[in-house]
Amino acid sequence: MTDRVRPIDPRGRGLWKPPLSRWRVPSILPGFGLSLGITLAYLAAIVIIPLAALAIRPWEIGLSGVWATLTDERVARALMLSFSLSLYAALLNAVLGLVIAWTLVRYEFPGRRILDALVDLPFALPTAVAGIALTAIYAPNGPLGSIAARFGIKTAYSPLGIFIALVFIGLPFVVRALQPVMQDLDKEVEEAAQTLGASDLQRIVFVVAPALAPALISGVTLAFARAVGEYGSVVFIAGNMPMKTEIAPLLIVIKLEQYDYAAAAAVGLAMLAISFGALIVLNIVQLLIARRGRR
Amino acid sequence: MSARASRIHLPGLAPLLLAASVAVMGVLVVLPLATVFHDALAKGVGQFLASLKEPDALAAIRLTLIVAAISVPLNAVFGLAAAWCITKFDFRGKTVLLTLIDLPFSISPVVSGLVWVLLFGAQGWFGEWLLDHDLKIIFALPGLVLATILVTFPFVARELIPLMQDQGIDEEAAALTLGASGFTTFWKITLPNIRWALLYGVLLCNARAMGEFGAVSVVSGHIRGLTTTLPLHVEVLYNDYDFVGAFAAASVLASLGLVTLVLKTALEWRHSGELAASRRH
């Protein structure tokens with residue numbers, strides 16, 4: 001988004017640059033002070049001060065207290081469970097997203113636009129609604145849960161159930177990230193590869209895949225980030241057994257119910273730190289791929 | 001030739017991919033939606049309607065509407081202000097501002113509720129002061145509104161910023177040089193230019209505000225009939241094994257989601273040129 005910000009030059013299209021001493025370019029449009037004032041006041045009240053509380057409060061119990069909280073077996077297992085299942089769900093979403101996006105972009109069939117609109121359903125459905133519906137489906141007496149139970153597989157109230165819910169909420173991120181890039185894929189390049197004698201497999205591996213990789217990674221990253229923090233659609237199907245099917249956001253709720261604010265904040269801060277770390281790593285990977293593609 | 005060359009042409013792949021897509025979407029996405037309505041009506045229309053007429057259910061619907069009626073307009077005003085100063089002016093620190101606006105999307109809803117408890121809860125920074133002055137934020141309406149605002153506030157701003165960035169300032173500058181006042185310029189030039197994108201952002205913001213669960217669940221306290229919004233009402237009934245009631249309430253929320261989806265899709269089809277979203281995804 002930031003690369004879309006281009007300087008607005010009030011004096012036309014020249015190479016005029018703001019003098020270094022001034023922090024904003026003069027403009028004839030009014031309302032800068034008012035709009036910036038509202039924006040900053042709102043951001044301070046809604047985002048900055050609350051997040052400052054999140055960043056500061058864990059340390060009331062000291063570094064050792066935070067460490068003890070996070071390495072406590074119940075918390076550590078919940079964090080492990082949340083991050084590992086989110087990763088697996090995001091990876092499955094990569095495959096499903098590729099198939100669905102490809103179908104929607106490349107093929108014409110009756111009902112295509114409806115299928116396209118339905119992709120957004122996991123966004124549109126409130127998470128608690130999705131949560132109880134998925135639980136009803138995959139519970140041992142539910143339509144799909146009972147089939148799985150016949151094969152001895154426990155879906156709801158097990159990590160597998162959490163995984164299903166995370167796949168559900170992550171799917172739109174990957175499809176919506178891939179669609180515009182697939183649409184813009186230069187068909188002539190593919191045709192050129194074909195006329196030069198490339199096989200279908202070669203075209204997919206050497207022409208299509210490199211073009212899609214950055215969008216795929218960013219979609220998977222978004223799905224992963226959403227899955228790590230997801231609460232509503234997971235908490236019903238998880239069963240919430242300590243050490244087994246407790247997710248990290250639930251641990252925050254539990255710590256708050258015990259009025260252990262510092263520990264709750266510590267878990268919240270840890271989640272934030274780990275997911276930002278993951279986002280940064282993935283961004284670097286994406287940059288490296290983009291750079292390789294340009295060469 | 002060109003039609004053939006324009007797609008990857010593994011034999012039989014197209015029907016296979018189409019079948020796989022429909023199957024995945026059907027089982028993963030459509031089945032849960034159908035389940036909501038099926039289970040809501042499992043014991044007949046009479047019981048479905050009766051559970052929606054319960055005083056607690058009506059109170060939950062009212063509370064949900066109140067929370068959305070406060071938080072959505074506030075976020076719309078913020079979105080307009082943020083988009084105006086970010087896209088119409090050039091100043092230092094813009095990137096930081098944009099990052100801060102996007103931040104709530106990468107925070108867990110539970111954390112978005114937690115931060116307000118850290119500030120205003122019984123042992124929060126301002127907890128004692130609030131107690132002394134007999135003010136209640138957590139486990140009361142203000143807390144629900146604050147949590148909802150934090151979760152939903154990027155929606156309008158994110159919809160407007162890319163669009164207004166593309167539109168630039170030429171039209172506004174022309175109006176101003178012709179003598180229009182700042183307010184007239186905004187009302188007659190800017191607002192008509194961005195109305196569909198604004199509506200789109202408000203639509204998504206409202207859907208999320210009414211359906212939010214995690215953040216409000218942390219600050220609500222689940223006091224029946226008083227601090228349970230509709231999604232929390234679903235949870236309370238579900239945990240009481242009142243499945244018809246839970247799914248009846250859930251079907252109201254699912255309908256809200258469906259209406260939002262239809263309106264959103266209609267906006268994307270009819271006004272795609274005036275929506276930044278259609279360029280972004």
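Helices and strands are taken here as DSSP runs, numbered from the N terminus. In this predicted model, chain A has 13 helices and 0 strands, and from its N terminus on the elements run α-α-α-α-α-α-α-α-α-α-α-α-α. The radius of gyration of chain A is 24 Å, well over the 19 Å that the globule rule gives for 295 residues, so chain A is more spread out than a compact globule. Along the principal axes, the C-alpha atoms of chain A fill a box of roughly 65 × 60 × 35 Å. Of the 295 residues in chain A, 42% count as buried. Among contacts in chain A with a separation of 6 or more, 75% come from residues 24 or more positions apart.

Chain B is divided into domain 1, residues 1–40, and domain 2, residues 44–280. The C-alpha centres of these two domains of chain B lie 32 Å apart. Where they touch, 5 residues of domain 1 of chain B are in contact with 8 residues of domain 2 of chain B. On the domain 1 side, the touching residues are 4 nonpolar, no polar and 1 charged.

Next comes the contact between the two chains. It takes 84 residues from chain A and 85 residues from chain B. On the chain B side, helix 2 (residues 13–40) supplies the largest share, 16 residues. By class, the side of chain B that touches chain A has 59 nonpolar, 18 polar and 8 charged residues.

The largest nonpolar core has 163 residues, and those with the most contacts inside it are A:V129, A:I132, B:L114 and B:A250. Helix 4 of chain B (residues 55–88) gives the most to this core, with 15 residues. Domain 1 and domain 2 of chain B each provide at least three residues of this core. What does B:A250 touch, leaving aside residues up to four places away in sequence? Its partners are A:V129 and A:I132 in chain A, together with B:V36, B:A40 and B:V234 in chain B.

B:L114, also named among the core residues with the most contacts, belongs to helix 6 of chain B and is buried there. Helix 6 of chain B covers residues 109–120 and reaches 17 Å from its first C-alpha to its last, close to the 16 Å expected at 1.5 Å a residue. Is this helix largely enclosed or largely open? Of its 12 residues, 12 are buried, so helix 6 of chain B is largely enclosed by the rest of the structure. The buried residues include B:P109, B:G113, B:W116 and B:F120.

Note on methods: Residues are numbered from 1 along each chain as its sequence is written. Chains are lettered from A and ligands numbered from 1 in the order in which they are written. This is a predicted model: local features need pLDDT of at least 70, side-chain atom pairs count only at pLDDT 80 or more; totals for chains, interfaces and linings use all residues. Two residues are in contact if their C-beta atoms, placed from the backbone, lie within 7 Å. Helices (H or I, at least four residues) and strands (E, at least two) are DSSP runs, numbered from the N terminus. Ala, Val, Leu, Ile, Met, Phe, Trp, Tyr, Cys and Pro count as nonpolar, Asp, Glu, Lys and Arg as charged, and the others, Gly among them, as polar. Domain bounds come from an automatic or database domain assignment. A nonpolar core is a set of buried Ala, Val, Leu, Ile, Met, Phe, Trp, Tyr and Cys residues joined through C-beta atoms within 7 Å. A residue is buried if 20 or more other C-beta atoms lie within 10 Å of its own, exposed if 12 or fewer, and partly exposed in between; C-beta atoms are placed from the backbone. The expected span of a helix is 1.5 Å times one less than its number of residues. The radius of gyration is taken over C-alpha atoms; the globule rule is 2.2 Å times the number of residues to the power 0.38.
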